[in-house]
Amino acid sequence: MAAELDFSPPEIPEPTFMENVLRYGLFFGAIFQLICVLAIILPVPKSHKTDSDSFEPKNSETVKKPKATAPQISKKPKKETKKKR
């Protein structure tokens with residue numbers, strides 16, 4: 001029975017061109033996703049100012065004020081009508 005056992009490695013076919021493209025494309029996509037997630041978690045500062053400058057309160061001129069909402073023209077008041085019996 002020991003003579004019947006075959007311990008040679010199984011034959012694995014060579015990957016085709018499309019399998020290689022798919023394989024490396026998936027690796028590239030995974031690396032790209034990791035970079036995107038890290039960019040969200042660890043944002044890079046946009047300016048090269050010192051940290052003490054970033055903690056200064058902003059002037060009232062530089063602070064953006066919310067825009068006043070314009071009245072909506074599309075909404076018309078409903079006409080009240082009496083029920084007809």
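Tyr 24 is exposed, with a relative accessible area of 53%; exposed means over 50%, buried under 20% and partly exposed in between, with a 1.4 Å probe and protein chains only. The model is predicted: local features need pLDDT of at least 70, side-chain atom pairs count only at pLDDT 80 or more, and totals for chains, interfaces and linings use all residues. Residues are numbered from 1 along each chain as its sequence is written, and side-chain values use heavy atoms, leaving out hydrogens and water.

**Overall fold**

- The protein chain has two helices and zero strands, taken as DSSP runs (H or I, at least four residues; E, at least two) numbered from the N terminus.
- Of its 85 residues, 0% count as buried.
- The chain exposes about 10300 Å², of which carbon and sulfur atoms supply 63%, by the Shrake-Rupley method with a 1.4 Å probe.

- A search of the whole structure finds one aromatic pair.
- Tyr 24 and Phe 27 form this tilted pair, 6.5 Å centre to centre with 45° between the planes; ring centres must lie within 6.5 Å, and planes under 30 degrees apart count as stacked, over 60 as edge-to-face and the rest as tilted.
- The two residues are three apart in helix 1, and therefore separated by about one helical turn.
- Phe 27 is partly exposed, at 47% relative accessibility.
- Arg 23 lies over the face of Tyr 24, 5.9 Å from the ring centre; the criterion is CZ of Arg, or NZ of Lys, within 6 Å of the centre and within 35 degrees of the ring normal.

**Annotated segment**

- An unreviewed UniProt entry places the feature "transmembrane region" at residues 24-44; such annotations may be inferred rather than shown by experiment.
- Over residues 24-44 the chain is 86% helix and 0% strand, with the end C-alpha atoms 28 Å apart.

Terms used. Rings of Phe, Tyr and Trp (its six-membered ring) pair if their centres lie within 6.5 Å; planes under 30 degrees apart count as stacked, over 60 as edge-to-face and the rest as tilted.
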